[in-house]
Amino acid sequence: IVQKKGPTPVRNAPKVRASIVPGPVLLLLAGRFRGKRVVFLKSLESGLLLVSGPYNVNGVPLRRVNQRYVIATSTKVSLDGVDVSKITDAVFKREAVSEKEGEEALFEAGA
């Protein structure tokens with residue numbers, strides 16, 4: 001059996017758990033900030049959750065987290081005055097690095 005190579009089908013973003021609506025405090029279970037309490041801000045198009053520490057409180061920056069790696073608590077935080085409408089998955093995309101060839105690339109890289 002030979003599988004066709006081609007564009008992958010578009011998958012629908014997973015549904016967010018009922019206990020996760022904007023405002024509650026979540027516990028992170030994995031990653032660099034495991035064990036930290038964060039505030040859930042919104043659900044992104046990719047199905048990931050946008051969370052924040054906030055950074056000046058506990059050092060957790062704006063992060064995308066899979067909902068499998070969080071536990072929702074009953075503690076709620078008011079999100080009045082917080083505008084997260086401009087934050088999308090594109091904000092977290094890495095910048096493309098242009099690769100230069102020849103001697104100039106060696107000197108610019110500091111090798």
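The following dialogue explains how to read several features of this predicted model.

Colleague: What is the mean pLDDT of the protein, and where is confidence lowest?

Modeller: The term pLDDT is the predictor's confidence in each residue, from 0 to 100. Here the mean is 85, and 82% of the residues reach 70 or more. Confidence is lowest in helix α2 (residues 103-109), at a mean of 67, and highest in strand β1 (residues 24-28), at 95.

Colleague: How many helices and strands does the protein have?

Modeller: Helices (H or I, at least four residues) and strands (E, at least two) are DSSP runs, numbered from the N terminus. This protein has two helices and five strands, running β-β-β-α-β-β-α from the N terminus on.

Colleague: In what order do the strands of the sheet lie?

Modeller: Two strands pair if DSSP finds at least two bridges between them. In this structure, five strands form an open sheet in the order β4-β3-β2-β1-β5, with antiparallel pairing. Strands β4 (63-65) and β5 are the edges, each pairing on one side only. Between β1 and β5, which run antiparallel, there are four bridges; P24 has K76 in β5 as its bridge partner.

Colleague: Which residues form the salt bridge?

Modeller: Side chains of opposite charge can pair when their charged atoms come close. A salt bridge is a side-chain nitrogen of Lys or Arg within 4 Å of a carboxyl oxygen of Asp or Glu. The structure holds one: D89 pairs with R64, their closest N and O atoms being 3.2 Å apart. Because D89 lies in the loop between β5 and α2 and R64 in strand β4, the pair ties together parts that are 25 residues apart in sequence.

Colleague: Is I71 buried or partly exposed?

Modeller: Buried means under 20% relative accessible area, exposed over 50%, and partly exposed in between (1.4 Å probe, protein chains only). I71, in strand β5 (residues 70-76), is partly exposed at 40%. R64 is also partly exposed, with a relative accessible area of 34%. Of the 111 residues of the protein, 24% count as buried.

Note on methods: Residues are numbered from 1 along each chain as its sequence is written. This is a predicted model: local features need pLDDT of at least 70, side-chain atom pairs count only at pLDDT 80 or more; totals for chains, interfaces and linings use all residues. Side-chain values use heavy atoms; hydrogens and water are left out.
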